[in-house]
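Let's take a look at this protein chain together. We'll start with a single residue and then zoom out.

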Amino acid sequence: MDIDIQQCRENDLIKRIISKSELPIKLIKLLLRLSDAIYINAINYNVTIQEKGAILVLISSKPENKTGDFHTISLSNVFYKLRDIEKENDDIKTKIKVEENMIQIIMETT
């Protein structure tokens, strides 16, 4: 899996990518909320925009920055935010996938 290291370290760059995507406004707002939660919890991450949604790849917790090393509390906080988003929005589907020691959060509109 290719990872843009610059993108992982710059939350503003990721937010620009999300904001300029041609996804529905509602999904953009939810992705921005989720990216804030990820950033606040000191997790290195990346985003890929797809036709129906986006994939956010959680890479590692700071300050260790070792791929696949995460702090439990940080991940829990992000997963709670994801759960709240899914509860409040019936038209948004999420899926979690672990691949190559990284966690993929897949968000799509239905």
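Ala 54 sits in strand S2, residues 53–61 (strands are DSSP runs of E with at least two residues, helices are runs of H or I with at least four, and both are numbered from the N terminus). Ala 54 is buried, with a relative accessible area of 1%; buried means under 20%, exposed over 50% and partly exposed in between, using a 1.4 Å probe and protein chains only.

So who does Ala 54 touch, leaving aside its neighbours within four places in sequence? Its contacts are Leu 31, Val 47, Thr 48, Ile 49, Ile 105, Ile 106 and Met 107, where contact means heavy atoms within 4.5 Å.

## About the model

This is a predicted model, where local features need pLDDT of at least 70, side-chain atom pairs count only at pLDDT 80 or more, and totals for chains, interfaces and linings use all residues. Residues are numbered from 1 along each chain as its sequence is written, and side-chain values use heavy atoms, leaving out hydrogens and water.

## Two helices side by side

Helix H3 (residues 25–40) and helix H4 (residues 72–88) pack at about 165 degrees, with axes 9 Å apart. Those axes are lines fitted to C-alpha atoms over the stretch in contact, and angles run from 0 to 180 degrees between N-to-C directions.

On the H3 side, Leu 30, Arg 33, Leu 34, Ala 37 and Ile 38 meet Val 78, Lys 81, Leu 82, Ile 85 and Glu 88 in H4.

## The whole chain

Zooming out, the chain has four helices and four strands, in the order α-α-α-β-β-α-β-β. Its C-alpha trace spans about 35 × 25 × 25 Å along the principal axes, and 41% of the 110 residues count as buried.
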